[in-house]
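This briefing accompanies the structure shown below.

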Amino acid sequence: MKKIIVALAVLCAMAAGSCRKNSATAKMPAVPNMTAARLAVPAFTTQDLDGNTVTNALFSRTDVTVLNVWGTFCPPCIAEMPELGAWADAMPENVQIVGLISDVRAKTDKDGIADAKKILSAAHANFVNLIANADFSSFLQGVQFVPTTFLVDRDGMVIGEPIVGAQVPRYKQAVENYLGT
């Protein structure tokens, strides 16, 4: 019976296109300050999956960054990776995708890093993916489902509302709307 319940929960999550990060929460709260004021991605210094140091200066490289918060435990996150990888390869130079792996919280999480690398390699998703260290704690408090995707401008400010669920066509449309293309 327990296996059936777990299987049904996974199917429901897949059908909804997102996975709960915290099943103790009944409702998804709004991202902090999303409606009251523009939300900024906090200043951070972290590592990517290859151990390179990355700071929030990475946003200044392009007009818009698609910040995809995902988890290695999440079937919809994994399922959208091939499409994200193909889109990343075809993006104009003024747009980039960056992954933020919600369940890999430290460079010492060798198993989590290995899982993420395996998922990304299988999907041919060759874009930067960041370890969600403590610098991201306040930002991730409002993220109750993964994938959750944010558009971020070159100043590190979130553009519009987050997109919850594996919805690559909506990410693309949001980028086109922002750029006016």
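The points that follow are grouped by topic, from the whole chain to single residues.

The model is predicted. The protein chain contains 5 helices and 9 strands, and buried residues account for 45% of its 181 residues.

**Overall organisation**

- Along the sequence, the elements of the protein chain follow the pattern α-β-β-β-β-α-β-α-β-α-β-β-β-α.
- Of the contacts in the protein chain between residues at least 6 apart in sequence, 78% join residues at least 24 apart.

**Packing of helices α2 and α3**

- Helix α2 spans residues 75–90 and helix α3 spans residues 110–123; the two pack at an angle of about 45°, and their axes are 8 Å apart.
- At this angle, α2 and α3 are therefore oblique to each other.
- The crossing in which α2 passes α3 is right-handed.
- On the α2 side the contact is made by Ile 78, Met 81 and Pro 82, and on the α3 side by Ile 119, Leu 120 and Ala 123.
- The residues of this contact comprise 6 nonpolar, no polar and no charged.

**Ile 78 in helix α2**

- Ile 78, a residue of helix α2, counts as partly exposed because its relative accessibility is 33%, between the limits of 20% and 50%.
- Setting aside residues up to four places away in sequence, Ile 78 touches Thr 72 and Ile 119.
- The C-alpha atoms of Ile 78 and Ala 116 are 9.4 Å apart in space, while the two residues are 38 residues apart in sequence.

- Thr 149 is located in strand β8, which covers residues 148–153.
- With a relative accessible area of 2%, Thr 149 falls under the 20% limit and is therefore buried.
- The side chain of Thr 149 forms a polar contact of 2.8 Å with the side chain of Asn 68.
- A polar contact also links the side chain of Thr 149 to that of Tyr 171, at 3.2 Å.
- Beyond its neighbours within four places in sequence, Thr 149 is in contact with Val 66, Leu 67, Asn 68, Pro 162, Ile 163 and Tyr 171.

**Phe 44 in a loop**

- Phe 44 occupies the loop between β1 (19–20) and β2 (45–47).
- Phe 44 counts as buried because its relative accessibility is 2%, under the limit of 20%.
- Not counting residues up to four places away in sequence, Phe 44 touches Val 54, Thr 55, Asn 56, Leu 58, Phe 59, Leu 130, Asp 135 and Phe 136.
- Phe 44 and Ala 57 are 13 residues apart in sequence, and their C-alpha atoms are 8.9 Å apart in space.

**Backbone features to note**

- Most residues other than glycine have a negative phi, and most peptide bonds are trans.
- His 124 is not a glycine, yet it has a positive phi of about 55°.
- The position of His 124 is in the loop between α3 and β6 (128–131).
- His 124 counts as exposed because its relative accessibility is 56%, over the limit of 50%.
- The peptide bond joining Val 146 and Pro 147 is cis, with omega about 0°.
- Pro 147 belongs to the loop between β7 (145–146) and β8.

Note on methods. Residues numbered from 1 in each chain as written. Predicted model: local features only at pLDDT ≥ 70, side-chain atom pairs only at ≥ 80, totals over all residues. Heavy atoms only, no water. Axes fitted to C-alpha atoms, helices over the stretch in contact; angles between N-to-C directions. Helix = DSSP H or I, 4+ residues; strand = E, 2+ residues; numbered from the N terminus. Parallel < 35°, antiparallel > 145°, perpendicular 65-115°, else oblique. Left-handed = near helix turned anticlockwise from the far one by under 90°. Contact = heavy atoms within 4.5 Å. Nonpolar A, V, L, I, M, F, W, Y, C, P; charged D, E, K, R; others polar. Buried < 20%, exposed > 50% of the residue type's maximum accessible area, 1.4 Å probe, protein only. Polar contact = N/O pair within 3.5 Å; in protein donor to acceptor, adjacent residues only side chain to side chain.
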